[in-house]
Amino acid sequence: MRNRTARTVARNGMLFALAIALSYLESMVTPLLGLMPAMKLGLANLVVMYALLFVRRRDAAALVLLKALFALLTRGATAGFLSLCGGGLSLAVLLALSFLPCVGGYIFCVSGALAHNIGQLCGAALLLSDAVALGYAPVLLVAGLVVGSLSYMVSKALFRALPAAGESRVHF
């Protein structure tokens with residue numbers, strides 16, 4: 001039991017470190033691509049999807065919480081709150097989709113990206129105003145489609161190459 005617990009903690013630590021490293025990488029790349037503030041490529045969310053599909057749902061939820069806590073500690077309360085809103089809604093949608101039979105990887109990735117953006121828009125509406133969130137919504141929804149498509153292409157290659165702890169119901 002202790003050995004399994006140690007392996008789980010080590011694996012989750014590595015997944016969290018990878019998510020933070022990817023988050024840092026996308027924060028460096030985003031300005032070079034000329035994207036609007038708060039638009040990200042969603043690379044760190046690939047780690048959450050991997051944990052949800054191939055490890056344990058509980059570990060994926062822990063990653064969402066840890067990512068939000070990290071955003072809180074490094075970028076402030078607003079970033080932490082928006083990270084939690086986006087990550088939480090995305091995880092809920094991905095979890096629901098993972099129980100459906102024959103869900104394709106494209107639908108899975110695009111739905112996760114759109115849910116993340118919608119969660120952040122809802123969080124922004126609570127913090128700022130509905131008008132600000134609605135004004136930003138069309139841009140973020142189009143970005144969610146594009147980022148979700150890119151996530152699908154990357155995850156399709158990665159998930160086939162990475163070792164899996166279990167079999168996924170989502171087909172990439």
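This is a predicted model: local features need pLDDT of at least 70, side-chain atom pairs count only at pLDDT 80 or more; totals for chains, interfaces and linings use all residues.
1. Helix α1. Helix α1 covers residues 2-32. With 31 residues at 1.5 Å a residue, α1 should span 45 Å, and the 46 Å between its end C-alpha atoms therefore agrees with that expectation. After α1 comes Gly34, which has a positive phi near 75 degrees.

2. Buried residues of α1. Which residues of α1 are buried? They are Thr8, Asn12, Leu15, Ala19, Ile20, Leu22, Ser23, Glu26 and Thr30. An α-helix has 3.6 residues a turn, so residues three or four places apart point the same way. The buried set in α1 includes Glu26 as well as residues such as Leu15 and Ile20. Among the elements that cover these buried residues are α2 and α3, the latter at 57-75.

3. Packing of α2 with α5. Two packed helices are described by the angle between their axes and the distance between the axes. For helix α2 (residues 43-54) and helix α5 (residues 105-127), the axes come within 12 Å and cross at roughly 125 degrees. The two helices, α2 and α5, are therefore oblique to each other. The crossing in which α2 passes α5 is right-handed.

4. Residues between α2 and α5. From α2, the residues in contact are Asn45, Met49, Leu52 and Leu53, and they meet Phe108, Cys109 and His116 of α5. Sorted by class, this contact of α2 with α5 holds 5 nonpolar residues, 2 polar residues and no charged residues.

5. Packing of α5 with α6. How do the axes of α5 and α6 lie, and at what angle do these helices pack? Helix α6 comprises residues 130-161, and its axis is 7 Å from that of α5, at an angle of about 155 degrees. An angle over 145 degrees counts as roughly antiparallel, and α5 is therefore roughly antiparallel to α6. The handedness of the α5 and α6 crossing is right-handed. In the contact of α5 with α6, 16 residues are nonpolar, 7 are polar and 1 is charged.

Conventions: Residues are numbered from 1 along each chain as its sequence is written. Side-chain values use heavy atoms; hydrogens and water are left out. Axes are lines fitted to C-alpha atoms, for helices over the stretch in contact, and angles run from 0 to 180 degrees between N-to-C directions. Helices (H or I, at least four residues) and strands (E, at least two) are DSSP runs, numbered from the N terminus. Angles under 35 degrees count as roughly parallel, over 145 as roughly antiparallel, 65 to 115 as roughly perpendicular and the rest as oblique. A crossing is left-handed if the near helix is turned anticlockwise from the far one by less than a right angle, and right-handed if clockwise. Contact means heavy atoms within 4.5 Å. Ala, Val, Leu, Ile, Met, Phe, Trp, Tyr, Cys and Pro count as nonpolar, Asp, Glu, Lys and Arg as charged, and the others, Gly among them, as polar. The expected span of a helix is 1.5 Å times one less than its number of residues. Buried means under 20% relative accessible area, exposed over 50%, partly exposed in between (1.4 Å probe, protein chains only).
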